[in-house]
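The sequence and structure come next.

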Amino acid sequence: MSFVVIGVLQALYGPAAPAVRERFGLSSGAVGLALSVHFVGALLGVLCTPRLRRIGNRRFLAAAVTTIAAGCAGFALAPAWPVALAAAFVAGVGFGWIDVGVNELFIEYYGTDGRNSTGMLNLLHGTFGVGAVLAPLLVGALPNRMYPWAFALCALLSLTVLGTVRGVGGGPRRTAASRDVPWAAAGRMTALFTVFFALHVGVESGVGGWETTHLVGLGWTPGPAAMATSTFWLALTGVRFAIGPIARYVTAQRILMASLAVMVLGLLLAQVGPAAPAGYVLAGLGVGPLFPTGLVWLTQKMPGVGGVTSYVIAGSMLGGVLPSAIGGAAGRWGPGVIPTVLAALAATALALALAIRALPATRATRAAAAVARTEPAREPRP
């Protein structure tokens, strides 16, 4: 439910933008500040998650969803634009806490062998996609300037999570201290994973943001082009629910490599005019498993290294700036260049994944591993 909430929240700002602009008398650029402020708050929340989780899983989840509810309610009721921006920042902080904390909770509970965790993390991120698909439908169903009700509903949805946290216990597992980790190797691995995540997140947001423009450039009318873009998101969401049974027999690394190959193939196909919509759907099937399965792979390649999930997820948010570069390329060379740039980003992500696969796992020292075995933390119970 918490991931449905953050899926809804992330997808609300764009559809609500015209009504927000009318309500506060803003320019399009000023309205875009809401998403930027939300991003800054989410980045801060991501970086602070390891410290906040020390209060225990139950209190952490309660604090996170309450923060989201407060931010959404503040955005809905804001009497002035600066107040709305402050509320977007607060909601973003809660978003970042949930994004990292629940991912870590699933990895800790379901293990890192890939069989359970890969399927469960894909299921978790599938519910995020459900929220992202429902949010535009919710805003579209409301009368003009009634968008505050969508944010109010998101706040109420957040508070429903409070009724489910009684069964959650424990806290984060003990991980190796910094001095117990070979940081030369760990730093290299973390940097590679961060760039890898930023690239495939950039491809995901790039397709979502520019597929319609590319199809219109091919002669499509805006309505059907937008509907075709929605099939990308449906493919991305649906494949995450389908990964569970596959993960019982296939390792996370193999799922990841196959997904990357499908993503690259789809974006190459998207450069062929008549086949472009099918290419983007194929790209969605490839992109879907990358983020959740990549987190499992990260824990397998860097077992026992504390805080790395937060750093990598924070770095992945930099992928959100890549669509701006894609837009700049389209403005200079025309919309036909969009799938070419996306394919180049996807191919680079594949090359980085191959480089990561060739490197040995980065582990804590033997002494640190012994401490972790002899002093386990309270077992999480999501």
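A residue counts as buried when its relative accessible area is under 20%. That cut-off is needed below, in a model that is predicted.

**Overall make-up**

The protein has 16 helices and 0 strands. It has 382 residues, and 50% of them count as buried. Among contacts with a separation of 6 or more, 83% join residues 24 or more positions apart.

**Buried residues**

His214 sits in helix α8, residues 183-217. Its relative accessible area is 4%, so His214 is buried. Leaving out residues up to four places away in sequence, His214 touches Ala270, Ala276, Tyr280, Pro335, Gly336, Ile338 and Pro339.

Leu267 belongs to helix α10, residues 252-269. With a relative accessible area of 0%, Leu267 is buried. Neighbours within four places aside, its contacts are Val203, Val207, Gly279, Tyr280, Ala283, Pro339, Leu342, Ala343 and Ala346.

Ala346 is placed in helix α15, residues 338-358. Ala346 is buried, at a relative accessible area of 0%. Which residues does Ala346 contact, leaving aside its neighbours within four places in sequence? They are Val203, Met263, Val264 and Leu267.

Two pairs show how chain separation and C-alpha distance compare.

| Pair | Separation in sequence | C-alpha to C-alpha distance |
|---|---|---|
| Ala346 and Val264 | 82 residues | 5.6 Å |
| Leu267 and Ile338 | 71 residues | 9.6 Å |

**Helix packing around α5**

Helix α1 (residues 2-24) packs on helix α5 (residues 81-110) at about 160°, with the axes 10 Å apart. That angle makes α1 roughly antiparallel to α5. The crossing is left-handed. On the α1 side, the contact uses Ser2, Phe3, Ile6, Leu9, Gln10, Tyr13, Val20 and Phe24. On the α5 side, it uses Trp81, Ala84, Ala88, Ala91, Phe95, Ile98, Asp99, Val102 and Asn103. By class, the residues of this contact are 13 nonpolar, 3 polar and 1 charged.

Helix α3 (residues 33-52) also meets α5. Their axes come within 6 Å and cross at roughly 40°. α3 and α5 are therefore oblique to each other. Their crossing is right-handed. The contact of α3 with α5 has 18 nonpolar, 7 polar and 1 charged residues.

**Cysteines**

How many disulfides does a search of the whole structure find? The count is 0. Cys154 is in no disulfide, and the nearest cysteine sulfur, that of Cys72, is 3.6 Å away.

Cys154 is buried, since its relative accessibility is 2%. Cys48 has a relative accessibility of 35%, so Cys48 counts as partly exposed.

Note on methods
Residues numbered from 1 in each chain as written. Predicted model: local features only at pLDDT ≥ 70, side-chain atom pairs only at ≥ 80, totals over all residues. Heavy atoms only, no water. Axes fitted to C-alpha atoms, helices over the stretch in contact; angles between N-to-C directions. Helix = DSSP H or I, 4+ residues; strand = E, 2+ residues; numbered from the N terminus. Parallel < 35°, antiparallel > 145°, perpendicular 65-115°, else oblique. Left-handed = near helix turned anticlockwise from the far one by under 90°. Contact = heavy atoms within 4.5 Å. Nonpolar A, V, L, I, M, F, W, Y, C, P; charged D, E, K, R; others polar. Disulfide = S-S within 2.5 Å. Buried < 20%, exposed > 50% of the residue type's maximum accessible area, 1.4 Å probe, protein only.
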